[in-house]
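Please keep the structure in view while reading.

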Amino acid sequence: MANIKSQKKRIITAEKARVRNKAVRSELKTAVKKVRVAVENSDAEHAQQYANQANRLLDKAASRGIIHKNQAAGRKSGVQRLVNSLR
């Protein structure tokens, strides 16, 4: 455990950020999973709807620094590729 007051504060804020980031990453995984399920069920309309939602969440996470912008771009590309495979 840290002895310095500022370091104790950093430990607390880092833990809060870790929990928040974990929740956002989990939400991203769920959004992408919804797209995959819709694609497996050959439901193009819902798949596109879920893909738009997932893309929005990925952009948000990237802008907040939770994931890297290139990782967000790659995931968005993969999601859209899944949806396009139905057409």
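**Helix packing and overall form**

The buried residues of H3 pack against H1 and H2. This is a predicted model, and the protein it describes has three helices and zero strands, following the pattern α-α-α when read along the sequence.

**Overall dimensions and surface**

- The radius of gyration of the protein is 17 Å, whereas a compact globule of 87 residues would have one near 12 Å.
- Taken along the principal axes, the C-alpha atoms of the protein fill a box of roughly 60 × 20 × 15 Å.
- Of the 87 residues in the protein, 25% are buried, and the protein exposes about 6400 Å², of which carbon and sulfur atoms supply 50%.
- Among the contacts in the protein with a separation of 6 or more, 58% are accounted for by residues 24 or more positions apart.

**Helix H1 and the residue that follows it**

- Helix H1 covers residues 5–40, and its 36 residues should span 52 Å at 1.5 Å a residue, a value with which the 53 Å between its end C-alpha atoms agrees.
- The buried residues of H1 are Val24, Leu28, Ala31, Val32, Val35, Ala38 and Val39, and what covers them includes H2 and helix H3.
- Val24, which lies in helix H1, counts as buried because its relative accessible area is 12%, under the 20% that sets the limit for buried residues.
- Not counting residues up to four places away in sequence, Val24 touches Ala61 and Ile66; Val24 and Lys60, in turn, are 36 residues apart in sequence and 9.6 Å apart in space, C-alpha to C-alpha.
- H1 is followed by Ser42, which has its place in the loop between H1 and H2.
- Although Ser42 is not a glycine, it has a positive phi of about 55 degrees, and with a relative accessible area of 57% Ser42 is exposed.

- His46 has its place in helix H2 and counts as partly exposed, with 34% relative accessibility.
- The side chains of His46 and Asp43 are joined by a polar contact of 2.5 Å, while the C-alpha atoms of His46 and Lys34, which are 12 residues apart along the chain, are separated by 9.1 Å.
- Gln48 lies in helix H2, which comprises residues 44–64, and is buried, with a relative accessible area of 18%.
- When its neighbours within four places in sequence are left aside, Asn55 is in contact with Lys76, Val79 and Gln80.

- The residues Ala72, Val79 and Val83 are buried in H3. They cover an arc of only 45 degrees around the axis, and they therefore lie on the same side of H3.
- Turned away from that buried side is a face of H3 that carries the exposed residues Asn70 and Arg81.

**Points to check in the structure**

- Which exposed residues does the face of H3 turned away from its buried side carry? They are Asn70 and Arg81.
- Is Ser42 buried or exposed? Ser42 is exposed, because its relative accessible area of 57% lies over the 50% limit for exposed residues.

Note on methods: Residues numbered from 1 in each chain as written. Predicted model: local features only at pLDDT ≥ 70, side-chain atom pairs only at ≥ 80, totals over all residues. Heavy atoms only, no water. Helix = DSSP H or I, 4+ residues; strand = E, 2+ residues; numbered from the N terminus. Buried < 20%, exposed > 50% of the residue type's maximum accessible area, 1.4 Å probe, protein only. Expected span 1.5 Å × (residues − 1). Contact = heavy atoms within 4.5 Å. Arc of directions from axis to C-beta. Rg over C-alpha atoms; globule rule 2.2 N^0.38 Å. Areas by Shrake-Rupley, 256 points an atom, 1.4 Å probe, with all protein chains shown as cover. Polar contact = N/O pair within 3.5 Å; in protein donor to acceptor, adjacent residues only side chain to side chain.
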